[in-house]
Amino acid sequence: MSRPHALPASPRHPGPLRWLWYAAGGRLPAAYREWVLYDITCRTWPLRHLVRLLTQLAPVAVVLLVLIPGPVGVRVMAVLAGSLMGLAYSFVFLYEATEHRAVKAGYPTGTAQRVREDRHAARALTRAADDFERSRRHLRGR
């Protein structure tokens, strides 16, 4: 029986406009369902989350830099401080945000966390097997 979160070798990637929509919180068509799960569970998923956040934040930061009156240094520091606060707040809810993306893609609640745990366990098992083989080869060499 196949697992519901098993991914194909190369899930279909969205184009730049669809990715921008996705980064802004939009729902992708069902054809990208596997890619969404990959995006929120791969080894670099927290970095991908950060890139999505920065994509959302950049236009707002530019508008604020242009519209806020005062010296440029003060405007930059205000936008930077607000952005850092927003990013920190977002990372507090990192797991919830990615679970919400999985649910929007049609997966049951908890799928993203289970997939990450399964992949972590598989990597740990592979590392342990590699360590065992290295120690076995080392002992045979003596």
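## Buried residues of helix α2

A residue counts as buried when its relative accessible area is under 20%. With that in mind, welcome to this predicted model. Helix α2 covers residues 33-41, and its buried residues are Trp-35, Val-36, Leu-37, Asp-39, Ile-40 and Thr-41.

What lies over these residues? The cover of the buried residues of α2 includes α1 (16-23), α3 (45-67), α5 and α6. Two of these helices, α5 and α6, also meet one another, and their meeting is our next stop.

## Where α5 meets α6

Helix α5 spans residues 94-104 and helix α6 spans residues 111-141. The two pack at an angle of about 110 degrees, and their axes are 8 Å apart. Angles of 65 to 115 degrees count as roughly perpendicular, so α5 is roughly perpendicular to α6.

From the α5 side, Tyr-95, Thr-98, Glu-99 and Ala-102 make the contact, while α6 brings Thr-111, Ala-112, Gln-113 and Arg-116. Sorted by class, the residues of this contact are three nonpolar, three polar and two charged.

A general point about helices is handy when reading such lists. An α-helix has 3.6 residues a turn, so residues three or four places apart point the same way.

## The cavity

How many cavities of 30 Å³ or more does a search of the whole structure find? The search finds one. The largest cavity has a volume of about 60 Å³.

Its lining is made up of Tyr-22, Gly-26, Arg-27, Leu-28, Pro-29, Val-36, Arg-101, Lys-104 and Ala-105. By class, five of the lining residues are nonpolar, one is polar and three are charged.

Is Arg-119 buried, exposed or partly exposed? This residue belongs to helix α6. Because its relative accessibility is 24%, Arg-119 counts as partly exposed.

Gly-86 sits in helix α4, which runs over residues 72-92. Gly-86 is partly exposed too, with a relative accessible area of 39%. Between Gly-86 and Pro-71 there are 23 Å from C-alpha to C-alpha, with the two residues 15 apart along the chain.

Methods:
Residues are numbered from 1 along each chain as its sequence is written. This is a predicted model: local features need pLDDT of at least 70, side-chain atom pairs count only at pLDDT 80 or more; totals for chains, interfaces and linings use all residues. Side-chain values use heavy atoms; hydrogens and water are left out. Axes are lines fitted to C-alpha atoms, for helices over the stretch in contact, and angles run from 0 to 180 degrees between N-to-C directions. Helices (H or I, at least four residues) and strands (E, at least two) are DSSP runs, numbered from the N terminus. Angles under 35 degrees count as roughly parallel, over 145 as roughly antiparallel, 65 to 115 as roughly perpendicular and the rest as oblique. Contact means heavy atoms within 4.5 Å. Ala, Val, Leu, Ile, Met, Phe, Trp, Tyr, Cys and Pro count as nonpolar, Asp, Glu, Lys and Arg as charged, and the others, Gly among them, as polar. Buried means under 20% relative accessible area, exposed over 50%, partly exposed in between (1.4 Å probe, protein chains only). On a 1 Å grid over the protein atoms alone, a cavity is a set of points where a 1.4 Å probe fits but cannot get out, and a pocket is an open set with protein on both sides within 12 Å along at least five of seven lines; lining residues have an atom within 4 Å of a point. Grid points are joined across faces, edges and corners, and a volume is the space filled by probe spheres set on the points.
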